[in-house]
Amino acid sequence: MKIKNHIDTNSRLCFDMTPMIDCTFQLVIFFMLTLNYAQENQDERIKLPGSELAKPSQTVLDSSVTLQLTQENTVIVGGDEVDISELKKLLQRERQLILANTTKKRKQESTIIIRADRSAQTGKVQEIIQLCQQTGFERFVLRAKDEGA
Amino acid sequence: MKRGKHTINTEERLEFDMTPMIDCCFQLIIFFMLTLRFSYQEGDFNIRMPLAGAVAKQVDDLQSPTIKVRLTANSRGELTGITMGDRKLRGFKDLHQQIRGMVRPNPRPGTGGDQEVEFDCDYKLKYDHVVQGITAVSGYLADDGKTVVKLIEKVKFAQIRPKQ
């Protein structure tokens with residue numbers, strides 16, 4: 001009696017990996033699209049207060065300076081921690097840079113974005129605002145977590 | 001005629017080793033998984049902060065009287081009281097109701113309804129409470145849950161209180 005169904009030990013078992021590779025590519029594309037590179041203007045230490053009225057800005061801010069205030073009441077500008085005494089010099093420098101780079105028509109449009117931690121002291125925030133006003137900045141934006149979404 | 005030596009057997013499949021490519025893909029996935037950072041949506045308050053000093057005073061004379069809100073705090077920065085003018089309020093909801101009773105929704109800038117609120121806060125008060133206060137006075141969400149109905153757009157801070 002001939003045995004028809006026999007396993008040839010020399011043949012290799014192959015399985016089709018195409019679906020797995022497809023899934024892998026899907027994952028890679030997903031992560032590439034959702035990748036959010038570390039931004040120096042969004043320090044992770046700062047936990048913003050929440051508000052249902054805080055909506056993403058409709059207008060693009062032409063020139064802006066982001067000041068971040070941590071829970072420990074230290075100020076972060078451009079990724080670096082600065083002291084309140086150095087902050088004034090830094091703001092003056094930023095103001096001169098903005099004035100030099102913008103046209104006369106747009107001089108008044110530079111904005112200060114304040115990202116303060118929910119547990120930071122209000123007095124410190126007020127001091128920062130006052131410093132900015134003394135330096136010549138007039139427009140302010142208070143950042144908060146959008147809790148209405 | 002004999003068949004040529006170089007013939008292609010059409011039944012043979014061309015196979016290539018995809019292992020290195022899959023390894024690279026996994027490396028990429030691991031890299032992206034480790035660098036992925038979820039961040040919540042941030043928004044801005046649509047408020048105007050009047051200038052401090054002489055210029056602001058001239059502007060104030062032309063506008064309606066400023067509504068003064070006092071927020072007091074304990075040594076830990078927790079809110080202990082809210083006062084609007086001489087009236088002591090129970091909470092931010094009460095503040096919001098008071099403002100809604102006084103101000104017409106969506107006032108046009110430059111009109112008589114364009115009122116201003118001044119927050120007078122203790123130095124150590126946590127910033128979160130100030131934001132709650134600004135939320136209470138600046139508007140509310142309409143019934144659709146998306147449209148913001150504006151009440152007060154001009155918000156300013158009083159003189160900085162001494163640190164206690």
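In the predicted model, strands β2 (residues 67-73) and β3 (residues 79-84) of chain B run antiparallel to each other and share five bridges. Within this pair, V69(B) sits opposite M84(B) of β3(B). The hairpin of β3(B) and β4(B) has two residues between the strands, with G85(B) at a positive phi near 65°.

Turning to the interface, 48 residues of chain B contact 52 residues of chain A. About 4,800 Å² is buried between the two chains, and carbon and sulfur atoms give 63% of this area. On the chain B side, R37(B), D44(B) and Y127(B) lose the most area to chain A, together accounting for 18% of what that side buries. Between the chains there are four salt bridges and 13 residue pairs in polar contact. The side of chain B that touches chain A draws most on α1(B), which gives nine residues, and its residues comprise 30 nonpolar, nine polar and nine charged.

Within chain A, T70(A) lies in the loop between β2 (64-69) and β3 (75-77). T70(A) is buried, at a relative accessible area of 1%. Beyond its neighbours within four places in sequence, T70(A) contacts I46(A), I76(A), D117(A) and A120(A).

Methods
Residues numbered from 1 in each chain as written. Chains lettered and ligands numbered in written order. Predicted model: local features only at pLDDT ≥ 70, side-chain atom pairs only at ≥ 80, totals over all residues. Heavy atoms only, no water. Helix = DSSP H or I, 4+ residues; strand = E, 2+ residues; numbered from the N terminus. Buried < 20%, exposed > 50% of the residue type's maximum accessible area, 1.4 Å probe, protein only. Contact = heavy atoms within 4.5 Å. Pairing = 2+ DSSP bridges. Buried area = accessible area lost by both parts, 1.4 Å probe. Salt bridge = Lys/Arg side-chain N within 4 Å of Asp/Glu carboxyl O. Polar contact = N/O pair within 3.5 Å; in protein donor to acceptor, adjacent residues only side chain to side chain. Nonpolar A, V, L, I, M, F, W, Y, C, P; charged D, E, K, R; others polar.
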